[in-house]
Amino acid sequence: MTILMTTPTGGVGRYLTEALRDREDVRFLVRSEAGAQALGDVRGEVIRGDAANADDVRRAVAGVERLYLAHPFAEDQVSIEIGVGLAALEAGARRIVKLGARAFTGPEAIPDAVTGAHHVITERLREAGVPELTVLQPDRFLQNFLPSAASIAQGTLSDPVFAGARGYIDVRDIAEVALAELLAADPVGGEIELSGPQALGVPELVERFGAVLGRPVRYVEVPMDEAWRTTLAESGVHPQVIDGLHDLYTNYLREGVAGLGDGVQRILGRSPRSAEDFATDQLAPAVRRHLP
């Protein structure tokens with residue numbers, strides 16, 4: 001079999017790449033030389049190409065039997081993922097493992113572009129008749145707190161989601177489930193909800209981080225106001241993406257306590273990693289780099 005990996009250096013992709021680095025039957029699609037360098041040494045084939053370019057995509061999917069499909073939330077995400085998925089199907093691929101997102105189903109949920117994009121992509125792949133389609137639906141990533149390591153070292157963690165509780169998941173678990181579905185002789189398939197072992201509010205999460213770090217960490221609420229939008233815009237975030245994040249965070253707040261997904265236990269036969277596991281393995285080393 002030949003496996004094509006999109007976004008091999010992405011949030012989930014980097015861990016999946018690590019697991020597939022020594023296989024000859026894996027093809028890695030990267031956009032630039034910088035992406036190839038970030039990928040590092042791999043035994044399989046590295047293809048330079050733009051996932052938005054039809055010719056590059058056809059070259060990347062030629063002879064592929066299995067596809068890991070992912071793309072960052074962006075204004076062109078839907079067209080890119082559908083384009084790559086349909087091209088792979090046309091080239092003979094039978095299996096697609098798509099990185100999606102957990103849907104909001106409560107009565108107060110509003111349409112948001114982040115989960116909405118995944119829904120549109122998934123429905124189009126289903127309509128196209130992908131023989132083996134797995135859609136991973138993880139909750140919020142624990143690794144999204146790593147960019148706050150410098151602030152945590154100073155004793156604070158800021159976040160817009162001050163209410164409710166979520167099953168924050170370690171991205172390593174998502175990658176391991178994706179790997180299992182890619183390599184299985186008979187994948188479980190369908191929609192697989194993924195979460196950590198407990199639903200935690202951000203303030204409680206911050207307390208657990210502090211306990212592992214052995215230093216006090218205080219939660220600071222970030223209002224989703226014009227100042228928040230301006231900060232994101234000045235850092236280069238597209239207005240459409242800012243709107244999508246606003247609605248996504250609003251749904252986090254409105255949902256209250258989120259249900260937990262059983263995907264890690266069901267696919268891997270073990271419990272998901274905890275917030276403490278993440279803090280010990282990844283957050284603590286990142287924070288130490290910012291300490292005097």
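Author: β1 and β4 run parallel and pair over three bridges; two strands pair if DSSP finds at least two bridges between them. Strands (E, at least two residues) and helices (H or I, at least four residues) are DSSP runs numbered from the N terminus. This is a predicted model, in which local features need pLDDT of at least 70 and side-chain atom pairs count only at pLDDT 80 or more, while totals for chains, interfaces and linings use all residues. Residues are numbered from 1 along each chain as its sequence is written, and side-chain values use heavy atoms, with hydrogens and water left out.

Reader: Which residue is the bridge partner of L4 in β4?

Author: The partner of L4 is L67. In β5, L67 has I96 as its bridge partner, and four bridges join the parallel strands β4 and β5.

Reader: Which residues of β4 are buried on each side?

Author: R66 and Y68 are buried on one side, and L67 and L69 are buried on the other, so that both faces of β4 are covered. Buried means under 20% relative accessible area, exposed over 50%, and partly exposed in between, with a 1.4 Å probe and protein chains only. In a regular strand the side chains alternate between the two faces of the sheet.

Reader: What is the order of the strands in the sheet?

Author: The open sheet has seven strands in the order β3-β2-β1-β4-β5-β6-β8, with parallel pairing. Because β3 (45-48) and β8 (190-194) stand at the edges with a single partner strand each, one side of each has no neighbour in the sheet. β6 (residues 132-138) pairs with β8 over five bridges in the parallel sense, and T134 has G190 of β8 as its bridge partner.

Reader: Which strands does α5 touch?

Author: Helix α5 (residues 113-128) packs on the sheet and touches β4, β5 (95-99), β6 and β8. Its direction makes about 170° with that of β5. Axes are lines fitted to C-alpha atoms, for helices over the stretch in contact (heavy atoms within 4.5 Å), and angles run from 0 to 180 degrees between N-to-C directions.

Reader: Changing topic, which residues touch the most other members of the largest nonpolar core?

Author: They are L157, L205 and F209, in a core of 31 residues. A nonpolar core is a set of buried Ala, Val, Leu, Ile, Met, Phe, Trp, Tyr and Cys residues joined through side-chain atoms within 4.5 Å. α12 gives the most to this core, with seven residues. Leaving aside neighbours within four places in sequence, F209 is in contact with residues including L142, F145, L157 and F278.

Reader: And what is the volume of the largest pocket?

Author: The largest pocket has a volume of about 1,300 Å³. On a 1 Å grid over the protein atoms alone, a pocket is an open set of points with protein on both sides within 12 Å along at least five of seven lines, and lining residues have an atom within 4 Å of a point. Grid points are joined across faces, edges and corners, and a volume is the space filled by probe spheres set on the points.

Reader: Which residues lie nearest its centre?

Author: Of the 45 residues that line the largest pocket, F73, F141, N144, L245 and L248 lie nearest its centre. α10 gives the most to this lining, with four residues.

Technical notes
On a 1 Å grid over the protein atoms alone, a cavity is a set of points where a 1.4 Å probe fits but cannot get out, and a pocket is an open set with protein on both sides within 12 Å along at least five of seven lines; lining residues have an atom within 4 Å of a point.
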